[in-house]
Amino acid sequence: MKRTRFIAAVMSVLTAIMFSQAAFAAQSFGDVPSEHWAIESITKMAEEGVLSGYTDNTFRPDNDVTRAEWAKMLALKGGFATDNDSVYFDDMQNHWANEYVNAVADCFEGNGGEFNPDSPALREDVAVSMVKAAGYDVSAADISYIDAFTDADDISDENAQYIALAVETGLITGFEDSTFRPSATLTRAEAATLLYRAYGSAETSDASSPDTAAGTSSGASSSSSSSASSDDYTSNVINAMIELSNGDKINLELYPDLAPITVANFVSLAEEGKYDGTIFHRVIEGFMIQGGGYDLGFDAVDADNIIGEFSSNGYDNDLSHTRGVISMARAQDYDSASSQFFIMHQDALYLDGEYAAFGRVSDDESLAVVDKIAAVSTGVIEELGLSDVPVSPVLITTITIE
């Protein structure tokens, strides 16, 4: 199997560069508009012949990717030989994807001699296949990377080391609610993005060192990161203070040289009073406290989306998600953060490179307030689809900038 190209690209993904959407106009699908969150991944991978659409010129990005489709994408993007016509699985006889499944057969597990090509690919299957394709030594996996997930028990024992290594190397991440969801499916857009982030585009995926860049899935137009390196961003600090209705205060130091867009957005919202009267609406002890998105009546804060300043989106940001670090919450789209932020109660390093950390709690007294909030009783508001909501509101009176 050809693994060299994969390994080199995985090493380079954390220093990704961005490509202009305009450069990808040649290949398009009727149901993937230019503003789609995965436009870059889908377009470039289609141009390279790694994935294809349907006869009606659609891509159907929200459809579940099947195991056969994933095998084809993995085989072609990974440079595996696809000239083997043997039938390794009982249900692959005369199947359109047989040659691709053969190429990456060692990266998958069959089910009683069957591949189940038309079943949805699951997150656990996808993560394991990527690690196997890379040829990593799973005996060196740090299992603590999955222990941090609240649903770690749902990950099969035989795949635990593969999942841990996939998370550690940035091939796949968990979700904001601290789950991994091993049995969840992926959409075709998500699958395209995973591979594109790992390999990059054809013109960059032959990288041979961590300092060589590979493409990402954001679709933002800047060609290089504007964020500062870890050597100098703490020399320029903006101080902020979160004041709570009970008199408690959380002092913060923000790093505009590390995440200028993120810090400017936070400062602007604070100075405009957008955070006044908002709440910490999501609290998970041992993980993080999240706020800045809703008022007491659960009306959302009106704020524009900003570019996500983190490595998977093409920005150098090496501030790790350790205890006390403040970072921006977002939806699936890399550039969907607006007003919601979260403060780490404990370390969650699997968030590194996937969320825009932009500062930290600056003193022990403030960390004690974070601990106090993290310990409150929480519940579920089913009609709003919200969980981990404090039973007694934790109200932000204001956020001041010094």
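Helices (H or I, at least four residues) and strands (E, at least two) are DSSP runs, counted from the N terminus. The model in these views is predicted: local features need pLDDT of at least 70, side-chain atom pairs count only at pLDDT 80 or more, and totals for chains, interfaces and linings use all residues. Residues are numbered from 1 along each chain as its sequence is written, and side-chain values use heavy atoms, leaving out hydrogens and water.

**View 1. The protein chain has 10 helices and 10 strands.** Of its 402 residues, 54% count as buried (under 20% relative accessible area; exposed is over 50%, partly exposed in between; 1.4 Å probe, protein chains only). Take the contacts (heavy atoms within 4.5 Å) between residues at least 6 apart in sequence: 71% of these join residues at least 24 apart. The accessible surface (Shrake-Rupley, 1.4 Å probe; for residues, only the protein chains shown count as cover) is about 16400 Å², with 45% of that belonging to carbon and sulfur atoms.

**View 2. Trp70, Met73 and Leu74 touch the most other members of the largest nonpolar core, which has 79 residues.** At least two core residues come from each of H2 (39–47), H3 (67–77), H4 (98–103), H5 (123–134), H6 (144–147), H7 (160–168), H8 (188–199) and strand E6 (341–344). H8 gives the largest share, eight residues. (A core here is a set of buried Ala, Val, Leu, Ile, Met, Phe, Trp, Tyr and Cys joined through side-chain atoms within 4.5 Å.) Zoom in on Leu74 and, leaving aside neighbours within four places in sequence, you'll find it in contact with Phe80, Val104, Cys107, Phe108, Ser129, Ala133, Leu195 and Tyr199. There is also a second, separate core of 37 residues, with Leu244, Leu252, Phe266 and Ala303 among them.

**View 3. Eight strands make a closed barrel in the order E1-E2-E7-E5-E6-E4-E3-E10, paired antiparallel.** On average, neighbouring strands of this sheet are turned by 35° against each other, direction ignored. Glu253 sits opposite Arg360 in E7.

View 4. (Axes are lines fitted to C-alpha atoms, for helices over the stretch in contact; angles run from 0 to 180 degrees between N-to-C directions.)

**View 5. Tyr233 and Tyr255 form one of the structure's 14 aromatic pairs.** Their ring centres are 5.1 Å apart and their planes at 55°, so this pair is tilted. Since Tyr233 sits in the loop between H8 and E1, and Tyr255 in the loop between E2 and H9, the pair ties together parts 22 residues apart in sequence. Tyr233 is buried at 7% relative accessible area, and Tyr255 is buried too, at 1%. (Rings of Phe, Tyr and Trp, its six-membered ring, pair if their centres lie within 6.5 Å; planes under 30 degrees apart are stacked, over 60 edge-to-face, the rest tilted.)

**View 6. Phe266, Tyr275, Phe280, Phe341 and Phe358 form one aromatic cluster.** Within this group, Tyr275 and Phe341 are both buried.

Methods
Pairing = 2+ DSSP bridges.
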